[in-house]
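Hi everyone, thanks for coming.

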Amino acid sequence: MSKLKLNGVSKAYGATLALRRGDLEIAAGEVHVLMGSNGSGKSTLCKIIAGSVRPDRGEILIDGHPVTISGPQSAREQGIGIFYQELSLAANRSVEENICLAMLPTKAGIFVDRAALKARAARYIALFSGVSGDGFAATTLVGNLRADQRQLVEIMKALASEAPILIFDEPTSALDRAQVDRFFDILRGLKRDGRGIIFISHRMDEITAIGDRVTIIRDGETIQTLNLSETDPAAVIRLMVGGAGDMPASQSSAPAAARFSAGAAMTVDGLSGAGFRNVSFEVAKGEILGLGGLHGQGQSALLRAIFGAGSITSGEIRIGGDRFDAKSPRDAIRRGCAYVSGDRGRDGVIAGRPIIENVTPIHYLRDRLMVARPSSLKAKAMPALEAMHTKFASLMYPINSLSGGNQQKVIIARWLIDRPDVLLLDDPTKGIDLSAKADLFALIRQLAGEGLGILLYSSEDAELLGNANRILVFNGGSVTRELTGEDRTRYNLYQAAYEAA
Amino acid sequence: MTTVVSFIKQPLVIALLLIVALLALGESLSPGFASADQILRLLIVASLLGIVAAGQNVVILGGREGIDLSVGGVVSLSAIIAGNVMNGADGGILPAILACLAAGAFFGLLNGLGVTLLRIPPLVMTLGMLGVLQGLLVVIRNGIPSGRAAPGLSAFVTQPLALGIPGIIWLWIAIGLFMAFMLNRTVFGHRIYAIGSNEHAAYMAGVPVRRMRIGPFMISGMFAAIAGLCLLGYSGSSFANVGEQYMLSSIIAVVFGGTSLAGGKGGYTGTMAGALLLVILQGILTTVNIDESGRQMVFGATLLLLMLFYGRGRAMRA
């Protein structure tokens, strides 16, 4: 009998169907792998099981009985334990307290039973003895631990729930080899106990090492469930890609390297920093260089660091032959660098202010303006906004009065008054409509035609395949593969993204 | 109809309607309250408050819980410095102005550095600074006599300068024009709004965030210093904690005028109306014999009511 069964579960956010149809069956005593590319609906499916998202339709059965999971607390009560990818630890509490946080043992229902807490935590700490590293003790504050040690605490916390059904969402991303091996031994033990385990990882070697079955999700639908012993990685990736995955990317502009004879717009040599390491590449004037791979593999961190908004520990950046090491975005902007973030609410939009003030800040800086004369600013802003086909009633209306796509156009327009040399695009189309996307990419190609060097990271693989001349695939913070010309296929992109780091 | 409603719902319009209503109320309680002479006197007092509130306004617009609780201390200190420097002589006015502005800028700079470099929240930083200033005032007054206002300064504040209107009211009008220009027509002003609205986006668009945090505190210190100087001219001689009341009332004037305490939203025109409104309210409370402590209670309650009235759901949402 299955421990957990999902029948035709779906979830829509407004008009966006995040999960079209989710069917999933977890048997007792198996490690069930979930695989799907960025935005395939995998995380929505997990959130539904974890109770943080309520499905619109479909049923969930635990041990054959239909259940309603109304929230995270309810999920816990129904026997579902979760390892969170975004660590959910209390930094100012000790390791043992964090492990027992969900169910603190108490005396008389009021006082924390310290002795029981210590004893219980010790069981889970002992599971990783020998591999948990220096400075790891039951009483250490979690805030003082290294990233891999914090991840171990998160695993211990999930294990301490003793839940019959366990979800591990990328539990090994920070762990070293020995820690992963130990963790897999523990998982095998749990299998023998008859627990049902859902496992999400982007490392193909780990998936084949620990997984029993795999369910593939594509475009919000669970496509197929396979026995991992009867298949091979190539077949799994082929399923994730779907049909036509082997076709080379269609692109109007020829990706010939010879076209970029004008020289390098930006050279990056051995760059390391928080979230990425040893990245080297050259983007030519007029080239669109794509950064691909799974979400959060260092692409955004790299772009932000180049722009002076992240940390760089070693390596070198050059723009037009000159050493470029921006200490702040202000510095980077002055030297001809532009950055557009997909998270416009946080990084771009000056909410409540007129459209014109959202277009002009870069111009203020580049032209060292003191006085903002409306008439001359309007003359500068209008062509920039028109180049983006921005729809607005008046420059004086607050930017919030526009749709998301038009807001993003305004944010991009601010870089068009004084042209930069290098344009960094950090998932720029996130959450904007299709026509705005089309306008945006038409403009990006036009800017490339005018000789800008463009770095494009997109979480939508189609955008990379359709626009980038070359694609660097990121995996675990470094570039693992470069796709050029005919190699720029969806299949190759996935394969490189899912390869062992 | 809806346009009329939304017009009336604008904070500035509400404030102006309230001003008229309060004047009518004052006149009915005590005939002569709304006479030309009385209104001119109210305007002088409102100018003093309005000048302090100008700096407060800039700090609050800059966001990140921006607030300057030290303005009252700077007003008092400036009044004492000015009294001692000019000591009753017109020739001392210019040196007094320079000394006061320097002191205001200095303490504003300290506030700004504390908030940016030491990352102390503005509320705590400027409250601490207020304590320092109050201690400093005690030390100064124990050593030196407090000094007197120069006749020229007193005349500027209390006697008609042009068109029968005292110089300080002209000064306030000039400051109003200056503030409107600075906030709407300068890059500095646009950057104040930008960091007040979305500091991270401003940073990513190349706004020098740290400098833009220090600047408003210096402006606030200098406006408070100007107000202290004028206050000396108004009262003739400085006394202990003469500026104390301005901490709360300057914040109320700013909020009254529709500036959001969360920053990035509002302007000085509303604040001017707010200052006037508050001074009229103060006048009415005096007319009906409510003493200083009672007035402070009413002011505090007013601020809380304002937060409820304007701010529901947006005022403090950072």
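Let's begin with helix H6 of chain A, residues 177-192. This helix has 16 residues and spans 23 Å from its first C-alpha to its last, close to the 22 Å expected at 1.5 Å a residue; the expected span is 1.5 Å times one less than the number of residues. Helices (H or I, at least four residues) and strands (E, at least two) are DSSP runs, numbered from the N terminus.

Before I go on, some housekeeping: this is a predicted model, where local features need pLDDT of at least 70, side-chain atom pairs count only at pLDDT 80 or more, and totals for chains, interfaces and linings use all residues. Residues are numbered from 1 along each chain as its sequence is written, while chains are lettered from A and ligands numbered from 1 in the order in which they are written.

Which residues of H6(A) are buried? They are Gln179(A), Phe183(A) and Leu187(A). Buried means that 20 or more other C-beta atoms lie within 10 Å of a residue's own, exposed means 12 or fewer, and partly exposed is in between, with C-beta atoms placed from the backbone. Those three sit on the same side of H6(A), because they cover an arc of only 75° around the axis, taken from the directions from the helix axis to the C-beta atoms. An α-helix has 3.6 residues a turn, so residues three or four places apart point the same way. On the face turned away from the buried side you'll find exposed residues, including Arg177(A), Asp185(A) and Arg192(A). Just after H6(A), Gly194(A) has a positive phi of about 85°.

Now to the sheet. In chain A, 6 strands make an open sheet with mixed pairing, in the order E18-E19-E20-E15-E21-E22; two strands pair if DSSP finds at least two bridges between them. E18 (337-341) and E22 (478-484) of chain A each have a single partner strand, so one side of each has no neighbour in the sheet. E15 (288-293) and E21 (470-475) of chain A run parallel, joined by 5 bridges, and Leu291(A) has Leu472(A) as its bridge partner in E21(A).

Chain A averages a pLDDT (the predictor's confidence in each residue, from 0 to 100) of 84, and 94% of the residues score at least 70. Over residues 250-258 of chain A, pLDDT stays under 50. Where pLDDT is low, the predicted coordinates should not be read in detail.

Note on methods. Contact = placed C-beta atoms within 7 Å.
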